[in-house]
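Subject: Handover of a structure

Dear colleague,

Please find below the structure that I am passing on to you. My notes on it follow directly after.

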Amino acid sequence: MLLRHAEELFAEQGFAKTRMADIARHAGVAKGLVYWYFESKEALVHAVILDLRRRLRSAQVAAIEGLDPLAGIYVGTAVAIRFIAEHHRLYGLLNSVVGVPVLASAVAESVQAHADDAARVLREAQAAGLVRADESPQLMAVGNSGVVNNTVLMHVTGMLPGDVEAVAHGAARYVVHAVAADPALAEAVIATHGPGGS
């Protein structure tokens, strides 16, 4: 699939150094075929951004299916950290294209979609009495996103030791403790869904 070949090259070389001809050669297809599907490199990166967002959302939805909202916040946080850490070079690409106007909107749209998803789960958890009601769900969603992004950054740069699984659960514990309506609720979720949970 062209997107996967493009992702590999963008992750290795960055946006500026990757040419459409490089992607075609890497995929083993004619350059014209790449342009058949994507009118420009910017259009291809836009598709990569949307695909990355779709894959993360799919991984989270599959992992939290059937869980109560607070457990979903814990598990969803851990899934996000694992996924972003695995694809951290592509997420670095997102930061590098923010200055490209046609791509900045795709990045902003992706960030907004994740924040909206998280805020929806937080609202559900507030309605169920599982999450503190003294903060805006949108504000907590943004805070949780900051925890995820900075945790991954510190981990992939080697400043936060431990394997990705330990780091993911550590951040998930932090997030659940920060948003839970009661510490006992957070501890119950951690006991069930943390390492060694039932």
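Leu70 counts as buried, because its relative accessibility is 1% and the cut-off for buried is under 20%. Please bear in mind that this is a predicted model. Leu70 has its place in helix 5. Between the C-alpha atoms of Leu70 and Ala184 there are 12 Å in space, although 114 residues separate the two in sequence.

Helix 5 covers residues 69-86, which makes 18 residues. From the first C-alpha to the last, helix 5 reaches 25 Å, close to the 26 Å expected at 1.5 Å a residue. Most of helix 5 is covered, with 16 of its 18 residues buried.

As to the overall architecture, the protein has 10 helices and zero strands. Its elements, read from the N terminus on, follow the order α-α-α-α-α-α-α-α-α-α. Along the principal axes, the C-alpha atoms occupy a box of roughly 60 × 30 × 30 Å. The protein has 198 residues, and 43% of them count as buried.

Which residues of helix 6 are buried? They are Leu90, Tyr91, Leu93 and Leu94. Viewed down the axis of helix 6, these buried residues fall within an arc of 145°, and therefore they line one face of the helix. Arg89 and Asn95, on the other side of helix 6, are exposed.

I turn next to the salt bridges. A search of the whole structure gives 13 of them. One joins the side chains of Arg54 and Asp51, at 2.7 Å from N to O. Both residues belong to helix 4 (residues 41-64), where they are three residues apart, or about one turn of the helix. Is Asp51 buried or exposed? Asp51 is buried, since its relative accessible area is 8%. Arg54, with a relative accessible area of 44%, is partly exposed. Asp51 and Arg54 also belong to a network of salt bridges that links them with Arg4, Glu7 and Arg55.

A further salt bridge brings together the side chains of Glu109 and Arg53, at 3.3 Å from N to O. This pair links distant parts of the chain: Glu109 lies in helix 7 (residues 101-127) and Arg53 in helix 4, and they are 56 residues apart. Glu109 counts as partly exposed, because its relative accessibility is 41%. Arg53 is buried, as its relative accessible area is 15%.

Arg132 and Asp134 form another salt bridge, in which the closest N and O atoms are 2.8 Å apart. Arg132 counts as partly exposed at 29% relative accessibility, whereas Asp134, at 55%, counts as exposed.

Some individual positions remain to be described. Thr151 is located in helix 8 (residues 137-156). With a relative accessible area of 14%, Thr151 is buried. The side chain of Thr151 reaches the backbone oxygen of Val147 at a distance of 2.6 Å.

Leu185 has its place in helix 10 (residues 183-193). Leu185 counts as partly exposed, because its relative accessibility is 29%. The C-alpha atoms of Leu185 and His87 are separated by 32 Å, and the two residues are 98 residues apart along the chain.

Trp36 is part of helix 3 (residues 31-37). Trp36 is exposed, because its relative accessible area is 68% and the cut-off for exposed is over 50%.

With kind regards

Note on methods:
Residues numbered from 1 in each chain as written. Predicted model: local features only at pLDDT ≥ 70, side-chain atom pairs only at ≥ 80, totals over all residues. Heavy atoms only, no water. Helix = DSSP H or I, 4+ residues; strand = E, 2+ residues; numbered from the N terminus. Buried < 20%, exposed > 50% of the residue type's maximum accessible area, 1.4 Å probe, protein only. Expected span 1.5 Å × (residues − 1). Arc of directions from axis to C-beta. Polar contact = N/O pair within 3.5 Å; in protein donor to acceptor, adjacent residues only side chain to side chain. Salt bridge = Lys/Arg side-chain N within 4 Å of Asp/Glu carboxyl O.
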